[in-house]
Amino acid sequence: MKKKGIVTGIIVTAVLLLFLSVFSVLYYTGLSGIRSYGRSTVGIRVACVGDSITYGYGVKNWPERNYPAVLQDLLGPEYIVNNYGVSGYAVQKDSNKPYVSRKEYRSSLEFDPDIVIFMLGSNDSKPANWKGKEKFRKDYISLIESYRDSLIILCTPPKAFPADETETSFHIQPGVVDEIAETVRETAAELRLPLLDINAITSAHPEWYVSDSVHLNADGAAALARQIEKELRALL
């Protein structure tokens with residue numbers, strides 16, 4: 001009986017250690033989906049709204065090197081930077097995963113941000129989601145207007161590589177991503193909102209990407225954070 005208890009204990013311990021090992025790998029490579037928000041209520045509130053690129057999918061040492069975390073370090077304690085990126089989600093309301101359906105969207109509104117860094121669109125390029133520029137533009141404007149009391153900085157979605165293919169990892173279509181980027185540029189001009197052309201910036205830096213050619217690596221995330229910090233310093 002005692003021997004059976006020892007064997008059971010060994011099995012339970014082994015399973016627990018395996019779980020912790022797998023969890024650690026997922027967490028530190030940005031694949032877990034887990035997040036935490038700053039507890040302070042004093043400071044300039046910055047909401048980073050986006051998809052897996054904002055969340056930091058695939059970024060090694062994710063807790064410290066996803067772009068909102070790097071941006072927090074760059075901006076300092078006067079700011080509270082929260083990461084509301086959700087992997088796989090899109091602008092369009094009839095997409096397979098609309099951002100407005102997520103609790104992170106509702107949390108970002110409840111955060112009552114002073115500044116919103118808005119970077120969505122890559123997942124809208126998927127064949128099952130893409131309904132054309134006008135449909136995207138309509139839902140895009142509807143979504144950003146829900147943050148009407150905030151300073152909104154629009155970001156074009158990053159370049160998808162390889163650009164000469166019609167479809168890449170996760171069914172992202174590079175040509176459609178570029179079309180979406182152009183729509184974001186037009187919308188920023190129309191609504192007179194600040195624009196960061198991340199698509200143009202990343203187009204010259206394929207080395208900023210992980211092997212799937214869609215998501216930014218830690219160097220790319222850091223470069224993105226520096227661009228956003230520069231834009232914020234210029235605006236404020």
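Begin by selecting strands β1 (residues 44–50) and β2, which run parallel and are joined by seven bridges. Strands here are DSSP runs of E of at least two residues, helices are runs of H or I of at least four residues, and both are numbered from the N terminus. Two strands count as paired if DSSP finds at least two bridges between them. The model is predicted: local features need pLDDT of at least 70 and side-chain atom pairs count only at pLDDT 80 or more, while totals for chains, interfaces and linings use all residues. Residues are numbered from 1 along each chain as its sequence is written, and side-chain values use heavy atoms, with hydrogens and water left out.

**The whole chain**

Next, display the entire chain, which holds nine helices and five strands. From the N terminus, the elements follow the pattern α-β-α-α-α-β-α-β-α-β-α-β-α-α. Of the 236 residues, 48% are buried; buried means under 20% relative accessible area, exposed over 50%, and partly exposed in between, with a 1.4 Å probe and protein chains only. The accessible surface of the chain is about 11,700 Å², and carbon and sulfur atoms account for 57% of that surface. These areas come from the Shrake-Rupley method with a 1.4 Å probe, and for residues only the protein chains shown count as cover.

**The sheet**

Now select the five strands together. They form an open sheet in the order β2-β1-β3-β4-β5, with parallel pairing. Its edge strands are β2 and β5 (195–196), each of which pairs on one side only.

**Strand β2**

Return to β2. Select Ile80 in β2 (residues 79–85); its relative accessible area is 5%. Asp114 lies 34 residues from Ile80 in sequence, with 9.9 Å between their C-alpha atoms.

**Strand β1 and the cysteines**

Move to Cys48, which stands opposite Asn83 in β2. Cys48 is buried, at 0% relative accessibility. Then select Cys155, also buried, with a relative accessible area of 1%. A disulfide requires a pair of cysteine sulfur atoms within 2.5 Å, and the structure holds zero disulfides.

Pick Val49 to find its bridge partner in β3, Phe118. Finally, select Ser122, in the loop between β3 and α6. Which residues does Ser122 contact, leaving aside its neighbours within four places in sequence? They are Asp51, Ile53, Pro157, Pro158, Ile172 and Val177, where contact means heavy atoms within 4.5 Å. Ser122 is buried, at 6% relative accessibility.
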